[in-house]
Amino acid sequence: IDRECSVDFIDINMGCPIDIVVDKGAGSALLTKPMRMKNIIQATSAILDKPLTIKVRTGYLEGRNRVDALIGDISRWGASAVTIHGRSRQQRYSKLADWDYIYQCAEKASETLQVLGNGDVFSYTDWNKHLSDCPKLSTCMIARGALIKPWIFTEIKEQRHWDISSNERFSILKDFVHNGLEHWGSDSKGVETTRHFLLEWLSYTYRYIPIGLLEIMPQRSNWRPPSYFGRDDLETLMASDSAADWIRISEMLLGPVPSGFSFAPKHKSNAYDKAENG
């Protein structure tokens, strides 16, 4: 990658909580094996011309945070930056991220290690607050916020809440579909591949609550409001948590689904592994 690709940096995700990754000893499983983390970071950074960055979670099990004990070693091992997701692996995405712990880790980091915070940044006010609360943070990472409301970057850049219309949101979906067909092709296989990724994305976008309907500003990423009517039929359709309605939206953009088609999202964004805590 370093030799053949034009990249600014190479990132190793040592925080992924997904079972298929963790069961192979990768992702957040590495948090239980700091010597393996050390070997990976040292071996990789030694052969790169580009900066090496890593992403971690607070720890593997809830209540057993360990990144603060490793933060001093991470830069010595050769990483240029670390992104800290303020949840344990066991916690997945349930409960709010622990930003106080992220700040604690940032304060312990050396001057040569950039520390990025990650978790529940869903508005420009969230972004501003974290950077103001902890000046040692280099910046914040946007994750699910970009899946639910991809215009969050415009909001941060322009320092405003955007009461985006359903038509503007639909135009973003059109661009997504256009790019998918351009990449995978417009034959039946390309259409259905694009549809698959569109439906996975729609399983996030429905969580956005239009600003014009909010009683309290801004929306938090973990809010799950009761069913509501939007300001037009399209906005109401986009707010549906039904996979059948997501399929309807896909048909508005890609035509009818094949006979016998069904869809169930693969992610478990609110999963919590109780069994792993004994």
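Let's start with serine 250, which sits in helix 11, residues 243-254; helices here are DSSP runs of H or I with at least four residues, strands are E runs of at least two, and both are numbered from the N terminus. Keep in mind that this is a predicted model, where local features need pLDDT of at least 70, side-chain atom pairs count only at pLDDT 80 or more, and totals for chains, interfaces and linings use all residues. Residues are numbered from 1 along each chain as its sequence is written, and side-chain values use heavy atoms, with hydrogens and water left out.

So, is serine 250 buried or exposed? It counts as buried, because its relative accessibility is 0%; buried means under 20% relative accessible area, exposed over 50%, and partly exposed in between, with a 1.4 Å probe and protein chains only. Its side chain reaches the backbone oxygen of isoleucine 247 at 2.7 Å. If we leave out residues up to four places away in sequence, serine 250 touches Arg195, Leu198, Leu199, Gly255 and Val257, where contact means heavy atoms within 4.5 Å.

Now over to threonine 194, in helix 9, residues 188-205. Threonine 194 is also at 0% relative accessibility, so it counts as buried. A polar atom of its side chain lies 2.9 Å from the backbone oxygen of glycine 190. Again setting aside residues up to four places away in sequence, threonine 194 has Phe176, Val177, Gly180, Leu181, Trp184 and Leu254 as contacts.

Points are joined across faces, edges and corners, and a volume is the space filled by probe spheres set on them.

The largest cavity holds about 100 Å³. Its lining includes Trp151, Arg169, Trp201 and Met238. Helix 8 (166-184) and helix 9 are the elements that give two or more residues to that lining. By class, it has nine nonpolar, one polar and one charged residues; Ala, Val, Leu, Ile, Met, Phe, Trp, Tyr, Cys and Pro count as nonpolar, Asp, Glu, Lys and Arg as charged, and the others, Gly among them, as polar.

The second largest cavity has about 70 Å³. Among the residues lining it are Phe122, Lys149, His161 and Tyr208, and the classes come to seven nonpolar, three polar and one charged.

There is also the second largest pocket, with about 230 Å³ of space. Of the 14 residues that line it, Tyr206, Pro225, Ser227, Ala239 and Asp241 are the closest to its centre. That lining has eight nonpolar, three polar and three charged residues.

Finally, the whole chain. The protein has eleven helices and five strands, and 47% of its 278 residues count as buried. The C-alpha trace spans about 55 × 45 × 45 Å along its principal axes. Among contacts between residues at least 6 apart in sequence, 66% join residues at least 24 apart.

Methods: A polar contact is a pair of N or O atoms within 3.5 Å; within protein, one must be able to donate a hydrogen and the other to accept it, and residues adjacent in sequence count only if both atoms are side-chain atoms. On a 1 Å grid over the protein atoms alone, a cavity is a set of points where a 1.4 Å probe fits but cannot get out, and a pocket is an open set with protein on both sides within 12 Å along at least five of seven lines; lining residues have an atom within 4 Å of a point.
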